[in-house]
Amino acid sequence: LMEELTLKGITQFYAYVQEKHKVHCLNTLFSKLQINQSIIFCNTAQRVELLAKKITELGYSCYYIHARMSQHFRNRVFHDFRQGHCRNLVCTDLFTRGIDIPSVNVVINFDFPKYAETYLHRIGRSGRYGHLGIAINLITYDDRFALKQIEQQLNTEIKAIPKLIDKRLYVSEYQQEGELDD
Amino acid sequence: NEEAAVPPEGVQDAVFFIFNNLSKINMSTKSEELRRAVPDEFMPWLGQYLVMKRVTTEPNFHQLFVDLMDALNVPRLREIVLQQTFRSIRALLQNMRPDLNDYNDRSLLKNIGHFLGLLTLAKNRPILFDDMDLKGLLLEAYCKGQVEMHYAVPFVARTLEACSLSPVFRPPSPWTMGIVRVLKELHMDKAVKNSLKFEVEILCKKLEINFDQLDPAYYLRDSDRIRQIEVENCL
């Protein structure tokens with residue numbers, strides 16, 4: 001199953017933050033990036049609910065799902081998200097096949113996962129024509145080893161987040177422009 | 001009007017945040033927030049941002065953007081957005097490189113066409129000849145060649161899709177049918193690529209037109225008319 005997922009087309013970044021600054025960091029990202037739809041991952045169901053509540057108060061358009069909800073209800077929420085009824089989805093690790101929603105161009109690991117397999121399931125895409133996207137990992141001091149380890153195990157590169165992120169990396173219409181420039 | 005004043009970073013951040021979180025459900029609060037966040041003098045910038053950054057790349061939210069303009073109800077912004085839409089279309093057409101089949105620009109153009117339709121036709125508002133002559137554009141592309149057609153035909157088809165939403169422009173509206181018949185005429189030409197023919201058939205399906213019974217125009221083949229084309233048009 002893992003082999004079918006790919007990180008191709010996904011540009012990965014990390015940002016060092018303290019736990020208490022994560023929401024602030026999220027705010028900054030949402031004020032700088034051009035997001036069509038996003039998925040935000042947390043490590044526990046409890047944190048999903050907390051974060052969803054918090055950012056809804058802050059004016060985000062978001063739904064949430066986690067493993068403790070009934071499958072029927074999860075399907076409903078996911079369906080509505082796919083339809084674009086809301087812009088952002090906060091969730092735990094529920095995806096076993098990779099995200100296949102083309103309009104999701106930003107994935108955020110609000111909590112960094114411990115295992116490479118989890119990381120790949122969150123960030124990886126199943127399509128051969130992987131749509132463009134960026135993944136942003138919020139890394140605390142405690143995550144520093146997991147970051148290096150996952151990077152190694154997946155043989156991929158997770159770069160420090162730059163001040164400005166090139167739109168060509170995650171807005172598909174800007175892609176070929178980039179190729180012409182080269 | 002060409003160079004809109006760019007607002008300070010704080011205003012930009014607020015606008016980006018609002019556009020990243022806009023949805024049907026929160027439309028009224030977000031439109032109020034947007035109204036408060038953007039001082040009047042930056043309306044041209046807002047219109048430019050909406051069309052050039054959002055409309056071109058987020059076709060899945062086009063209806064949302066049209067609804068946003070209704071909710072904002074700022075006539076000046078509506079006019080700015082409409083004019084910016086035409087300007088972006090002209091820019092894409094004029095910058096077309098006949099030597100280069102630019103998939104990317106074509107998809108931007110298709111997206112803007114779709115939005116233009118929702119903004120005008122779907123709301124029972126005409127696309128004025130002076131702003132954009134769709135039939136003339138097809139004729140010009142037909143005379144000029146394959147690459148031009150790959151820009152013009154999907155663009156026109158996407159724009160006309162919105163007619164199905166309008167009591168005024170839905171068939172048998174003569175304005176709409178006039179253009180659709182030209183598309184049928186184009187469809188009859190053996191040299192026209194299949195992908196473009198599909199665009200025409202899909203449009204007819206959306207407009208619930210019986211393609212087989214549709215009469216083609218005598219427009220593209222009219223050699224008198226071809227002689228009259230002025231180069232002033234878009235391509």
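Start with helix α4 of chain B, residues 62–72, where B:His62, B:Leu64, B:Phe65, B:Val66, B:Leu68, B:Met69 and B:Leu72 are buried (under 20% relative accessible area with a 1.4 Å probe, protein chains only). Helices here are DSSP runs of H or I with at least four residues, numbered from the N terminus. This is a predicted model, so local features need pLDDT of at least 70 and side-chain atom pairs pLDDT 80 or more, while totals for chains, interfaces and linings use all residues. Residues count from 1 along each chain as written, chains are lettered from A and ligands numbered from 1 in written order, and side-chain values use heavy atoms, without hydrogens or water.

What sits over those buried α4(B) residues? The cover includes α1, α2 (27–37), α3, α5 (75–94) and α6 of chain B. Just past α4(B), B:Asn73 has a positive phi of about 50 degrees.

Now for the partner chain. Chain B and chain A each put 28 residues into the contact (heavy atoms within 4.5 Å). Together they bury about 2,100 Å², 43% of it on carbon and sulfur atoms; that is accessible area (1.4 Å probe) lost on being put together, summed over both. On the chain B side, B:Phe17, B:Asn20 and B:Asn104 lose the most, together 28% of what that side buries.

The rule finds two salt bridges across this interface, with a Lys or Arg side-chain nitrogen within 4 Å of an Asp or Glu carboxyl oxygen. B:Glu9 and A:Lys32 form a salt bridge at 2.7 Å, N to O. As for helices, α1 (9–21), α3 (43–55) and α6 (103–119) of chain B each supply at least two residues to the side touching chain A, and α1(B) gives the largest share, seven residues.

Conventions: Buried area is the accessible area (1.4 Å probe) that two parts lose on being put together, summed over both. Buried means under 20% relative accessible area, exposed over 50%, partly exposed in between (1.4 Å probe, protein chains only).
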